[in-house]
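Biologist: I'd like to learn how to read a model like this one. Could you walk me through it?

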Amino acid sequence: MLNQINCISISSLLFLISILGIFLNQKNILVMLMSLEMMFLAVSFNLILSSIYLDDIVGQVFSLLILTVAAAESSIGLAILVVYYRIRGTITVELMSLTKG
Amino acid sequence: MYLLILALPLLGSLITGFGGRWLGRYGAAILSTTCVLLSTFLAILIFYEVGLSGTTCYIYLAPWIESGIFNLSWGFLFDSLTSVMLIVITVVSSLVHLYSIKYMENDPHCPRFMSYLEIFTFFMLVLVTSDNLIQMFLGWEGVGLASYLLINFWYTRLAANQSAIKALVVNRIGDFGLSLGILVIFYIFHSVEYMTIFSMVPFFTDYYLLFMGFNIHGLTLAGIFLFIGAVGKSAQLGLHTWLPDAMEGPTPVSALIHAATMVTAGVFLMVRFSPLLEYSPVVLFTLVVFGSLTAFFAAMTGVFQNDLKRVIAYSTCSQLGYMIFSCGISCYNVSMFHLTNHAFFKALLFLSAGSVIHAVSDEQDMRRMGSLLKFLPLTYSLMLVGSLALAGFPFLAGFYSKDFILELTQMSLYPNLNLSYGAFSCWLGSMSVFFTSFYSFRLIYLTFMNSTNSNRVIVNTIHESSFLMSLPLIILGIGSIFVGYLTRDFFIGLGTNFWGSSILILPQHSNFVEAEWLPVVTKWLPFHLSILGISLASFINLTPAFYFFLKFPRTLSFFTFLVNKKWYFDILYNRFLVYPSMHFGYLVSFKNLDRGFIELLGPYGLAKLMPLWSSSLSKLQTGQLTHYIFFTILGLCLFLVLVLFLHSPLFSLSSSLLGLFLILPFFV
């Protein structure tokens, strides 16, 4: 049941879905952040599965680290979003075009 | 003494040039004239020691260039040839200096003029005394420079500037030939010193250069290049156009440069290189052809010129043709003899012309002169002497040299001498004798004999020039009468050993003895022709009705027009050489290449391209978050795909990859 193909295909599929979530979604920044979280999930999932498959603890250690990093990242990201909303009064993605080249 | 003859004019020139402001007009004139007079006396002493006593002198001064096998030193060689040239240069130059004191009296730049005259003399002396080709080339170029400065002396005049530039540029064409000649000689002989070259020439008669698949006779190539140099300097046909235009300078300059000194440099070069030219029949043939064509062309053109100085300039050109073709028939000593005589009577003619021009308030057109005989008897008599000498009247200077040249060309009558090409020079030379005497006497008649055409104001002010201007004329007049007779025995006398080793004439080319035994009828021919010319000129001018006959036929008037316009040489050159090359220079090399393609590919094009590029690159950054994500993921995909491609053997994308990155910004 737990073979290598399954491990990689599940995590890759999750990663691809999250990428498409960022890529195809043009409207909502919250969905983007959620897709980002899903990418973290896919990566940690991959690490855990492969650590079990390879019978090695390091993958799980890394997934724990990623979990904390993802938590910190999402908290900071949401904080930035809140600050941004306070200033602009909107979180529409199309209007975030101040950093023009 | 030998080096002082060079040092004196240089010193005099530098002092009058840089210190003219403090010396003043007469101070500068007296100083420079004294320097040249002193070197004239030295030249006479040298002539006695080297020429008459036969002690060739060689002076090694200092090393100049030492590089591998190329050793060059400042050296001075005084042999018979040099001593003759020294006499010619210094005598004419000092008389011209003396003459210019008075002639340039009212000119505001007198010290500058004197300095230029003197630097000219110095460079000419460097040219004739040097013992190697490079030092000779120094003098050669220096003379060209000095001629530029002198012709351009009245630098506010447009015509003077133009003709000075023309003189310099046309001379430079010849100089290019000469420098190529020097290179060829160095390539063949590995030396540029006369002594080495001339002693090695006989061993190189079968030397061939392989150039682009052609076997070229080395000596012929060297001789032809040297002759191209002589063509430029001695105003032979082809590069003669600068000489008549150089009459824009003051008259003493014309006398110095275009009568006795500068133009003789080409002939001197040919005579100096007689040991080399003798071994190359092709070069000798070229000399004959060009020399006789020049003699004939210039003599004919001189007939229908109306400018007093221009007539004399064409006569110079014509006489130089004589000198060159007499070199071509291997009579170098006759050529030198004619050069010496010609220096005297041509300087006399030019200075007399200057005297006439001075008297009639700087009018140069002969058609506006006339009946000056009554006002200027001294100038008239001297000019008559000069003209008779030029026309080869018996017992004057020109007779001894010019008629002897013609006699030598008449040797081509005898087929066993293998001189058949000499017939060319014989015919053309004899015809130019006729033209020469015709235009000389046309000049005399129009200027002195015919009734006057100038206005009353000018006629009232005509006066004979002062003593300082007449004295050089008188000396030159005496020279024109006696030099030929006095010096003919050691210049061209039978069996003379005056020239020593400075001139080489191969025994099979030497026809001096045969020339003494020509039939009397052929010997008289040049004299008859010149008398015919004189009488025709007299006939036309003394019977004014004759002009109507001359004007009547349209073909004849067209012909005179053609000759008066110098056979359209200048116009043809301008239209087919000068203007196209200027056009090329402006349109092709300047506008299309320099400011066109090269600039488009270089600074201008890059400067245009970079902002375009960078702006299109910066337009990628729209500020939209979604676009950034799009590019991030696109980049990821691209890299993944490229890794795939790069690892597959089917595609080698390294170059197209680069192109993709370059082109990509333009599509964004």
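Modeller: Let's go from the whole chain to a few single residues. This is a predicted model, where local features need pLDDT of at least 70, side-chain atom pairs count only at pLDDT 80 or more, and totals for chains, interfaces and linings use all residues. Residues are numbered from 1 along each chain as its sequence is written, chains are lettered from A and ligands numbered from 1 in the order in which they are written, and side-chain values use heavy atoms, leaving out hydrogens and water.

Biologist: How many helices and strands does chain B have?

Modeller: Helices (H or I, at least four residues) and strands (E, at least two) are DSSP runs, numbered from the N terminus. Chain B has 27 helices and four strands, and its C-alpha atoms fill a box of roughly 110 × 65 × 60 Å along the principal axes.

Biologist: What percentage of the residues in chain B is buried?

Modeller: Buried means under 20% relative accessible area, exposed over 50%, and partly exposed in between (1.4 Å probe, protein chains only). Of the 668 residues in chain B, 55% are buried.

Biologist: Which two strands form a hairpin?

Modeller: Strands pair if DSSP finds at least two bridges between them. Here β1(B) and β2(B) form the hairpin, with two residues between them. The strands cover residues 57-67 and 70-78 of chain B, run antiparallel and are joined by nine bridges. P63(B) stands opposite S73(B) in β2(B), and G68(B) in the turn has a positive phi of about 60°.

Biologist: Which feature does UniProt place at residues 130-408 of chain B?

Modeller: UniProt positions are given in the numbering used here, with feature names shortened, and annotations may be inferred rather than shown by experiment. The unreviewed UniProt entry gives "domain: NADH:quinone oxidoreductase/Mrp antiporter transmembrane" for that stretch. Over residues 130-408 of chain B the chain is 72% helix and 3% strand, with the end C-alpha atoms 31 Å apart.

Biologist: Is S371(B) buried or exposed?

Modeller: S371(B) is buried, with a relative accessible area of 10%. Now try W567(B), another non-glycine residue with a positive phi, about 60°. W567(B) lies in the loop between α23 (554-564) and α24 (569-601) of chain B, and is partly exposed, with a relative accessible area of 27%.
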